[in-house]
Amino acid sequence: MPLLTIVVPAYNAEAYLRRALEPLVRVKRGIEVVVVDDGSTDATASIADGFAARRPETIRVVRQHNRGHGGAINTGLAHARGTYLKVLDADDWLSVPALEKLLRTLQTLEEGGGVDAVFTDYVRDRVGKNNRVTTFDTVFPEHRIFSWEQTARFARRQILMMHAIVYRTEVVRRSGMVLPEHTFYVDNLYVVEPLSHVRSMYYLPVPLYHYFIGRAEQSVDPAVMLRRVDQQLLVNKLVLKAMPSLEDVATGRVPAELQGALLHYVEQICAVTSATLARGGTVEHLEARDAFWREIKAESPWLYTRLRRTFLGSTSNLPGGAGRRVTSLAYSVARRVVGFS
């Protein structure tokens with residue numbers, strides 16, 4: 001059984017897939033790579049096949065009709081044989097030295113019984129701008145197993161994105177996570193749903209994941225986000241349903257620190273979606289924004305109050321022309337915080 005499965009969802013990724021896979025063939029042991037060709041119509045399949053021919057013991061290619069990013073991750077999870085799981089988008093890449101250090105750490109952890117998740121740092125590789133590294137050294141203890149009770153609060157820019165997480169594969173499966181198909185932004189659900197089941201953790205302070213930002217038609221491009229705002233709304237609603245309740249915390253089923261970490265994450269993504277709708281500015285956009293917040297208030301009043309009292313939550317919902325100008329500022333702040341720019 002491999003120690004780590006790396007799932008690579010790939011749709012029409014011929015321009016980037018070699019960069020994602022080339023570092024992985026340099027790792028000689030401990031991993032399997034599952035490339036999910038999600039109905040590509042370009043050279044993605046042949047590129048993936050070429051890498052699988054070079055390293056058949058490491059790289060497998062799974063083909064399917066197009067099911068979208070979420071459907072590709074679901075397929076990768078179903079085929080994963082590794083003890084741990086990492087998702088690598090086809091336009092991103094992993095640092096080989098950091099990956100090799102991660103594998104040594106996972107091996108040591110397994111000898112002692114393993115953990116539910118390992119966190120690493122990640123790099124935002126931004127086209128035309130300086131790279132930015134997100135670290136968690138002020139949040140998590142380093143180089144030892146810890147629980148949520150031993151963690152500190154996240155700073156505004158410390159967003160625990162998918163790029164920072166290596167899950168134990170069984171934890172993801174036990175969470176029951178099934179990502180919606182033909183939908184972008186499902187990485188938000190990939191963070192929240194399995195993370196709610198994580199209890200034992202380890203932090204390895206190495207910049208493992210390189211998150212490439214700035215290519216044309218990327219899902220986090222502002223214009224693209226507005227066109228796909230209905231998908232953001234769908235994912236956000238699923239994320240909110242997956243959140244632990246106050247009762248879960250009060251009864252000790254969920255540590256308060258875990259709920260705090262999830263709230264920190266959800267605050268950012270809800271603010272970005274709300275501000276995206278405000279910036280769209282049409283009657284339909286503004287009605288969708290207001291309906292989104294009404295639904296949160298009706299289903300979870302405490303969560304509504306918590307989200308709306310934050311800076312990003314409050315400033316992304318102001319009415320009128322002046323309000324939308326403030327919203328634009330909040331939108332820019334939120335995008336920088338979450339890491340979309």
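**Strand 10 and its neighbours**

Guide: Strand 8 (residues 145-146) and strand 10 run antiparallel and are joined by two bridges. This is a predicted model.

Visitor: How do you know that strand 8 and strand 10 pair?

Guide: Pairing takes at least two bridges between the strands. Strand 8 and strand 10 have two bridges. The pairing therefore stands under that definition. I145 has Y202 of strand 10 as its bridge partner.

Visitor: Which other strands pair with strand 10, and in what sense?

Guide: Strand 5 (residues 93-94) pairs with strand 10 in the antiparallel sense, over two bridges. There, W93 stands opposite H210. Strand 6 (residues 117-126) pairs with strand 10 in the parallel sense, over ten bridges. In that pairing, D125 has F212 as its bridge partner.

Visitor: Why is strand 10 called largely enclosed?

Guide: Strand 10 spans residues 201-213, and eleven of its 13 residues are buried, so the rest of the structure largely encloses it. Buried means under 20% relative accessible area.

**Strand 2**

Visitor: What makes strand 2 largely enclosed?

Guide: Count its residues. Eight of the eight in strand 2 (residues 31-38) are buried, so this strand is largely enclosed by the rest of the structure.

Visitor: How do you know that both faces of strand 2 are covered?

Guide: Take one side at a time. I31, V33, V35 and D37 are buried on one side. E32, V34, V36 and D38 are buried on the other.

Visitor: What pairs with strand 2 in the parallel sense?

Guide: Strand 1 (residues 4-10) does, over seven bridges. A10 has D37 in strand 2 as its bridge partner.

Visitor: Why is helix 11 called oblique to helix 12?

Guide: Look at the angle. The axes of helix 11 (residues 283-299) and helix 12 (residues 301-308) cross at roughly 130° and come within 5 Å. That angle makes helix 11 oblique to helix 12. The cut-offs explain the label: roughly perpendicular covers 65 to 115 degrees, and roughly antiparallel needs over 145.

Visitor: Which residues meet there?

Guide: From helix 11 come W293, I296, K297, A298 and E299. From helix 12 come P301, Y304, L307 and R308. By class, this contact has six nonpolar residues, three charged and no polar ones.

Visitor: Why are helix 8 and helix 11 called roughly parallel?

Guide: The axes of helix 8 (residues 229-242) and helix 11 cross at roughly 10°. Angles under 35 degrees count as roughly parallel. Helix 8 and helix 11 are therefore roughly parallel to each other. On the helix 8 side, the contact is made by L233, N236, K237, L240 and K241. On the helix 11 side, A288, F292, E295, I296 and E299 take part. Five of the contact residues are nonpolar, one is polar and four are charged.

**Single residues**

Visitor: What makes V171 buried?

Guide: V171 lies in helix 5. Its relative accessibility is 1%, and so V171 counts as buried; the cut-off is under 20%. V171 touches D116, P194, H197 and V198, leaving aside residues up to four places away in sequence. V171 and D116 are 55 residues apart along the chain, yet their C-alpha atoms are separated by 6.5 Å.

Visitor: Why is N12 called partly exposed?

Guide: N12 has 31% relative accessibility, so it counts as partly exposed. Buried would need under 20%, and exposed over 50%. N12 sits in the loop between strand 1 and helix 1 (17-25).

Visitor: What is the phi of N12?

Guide: N12 has a positive phi of about 45°, although it is not a glycine. Most residues other than glycine have a negative phi.

Visitor: How do you know that H182 is partly exposed?

Guide: H182 is at 48% relative accessibility, so it counts as partly exposed. Exposed begins over 50%. H182 is in the loop between helix 5 (169-175) and helix 6 (187-195). H182 is not a glycine, but has a positive phi of about 50°.

**The whole chain**

Visitor: How many helices and strands does the chain have?

Guide: The chain has 14 helices and ten strands. Of its 341 residues, 59% count as buried.

Definitions and conventions: Residues are numbered from 1 along each chain as its sequence is written. This is a predicted model: local features need pLDDT of at least 70, side-chain atom pairs count only at pLDDT 80 or more; totals for chains, interfaces and linings use all residues. Side-chain values use heavy atoms; hydrogens and water are left out. Axes are lines fitted to C-alpha atoms, for helices over the stretch in contact, and angles run from 0 to 180 degrees between N-to-C directions. Helices (H or I, at least four residues) and strands (E, at least two) are DSSP runs, numbered from the N terminus. Contact means heavy atoms within 4.5 Å. Ala, Val, Leu, Ile, Met, Phe, Trp, Tyr, Cys and Pro count as nonpolar, Asp, Glu, Lys and Arg as charged, and the others, Gly among them, as polar. Buried means under 20% relative accessible area, exposed over 50%, partly exposed in between (1.4 Å probe, protein chains only).
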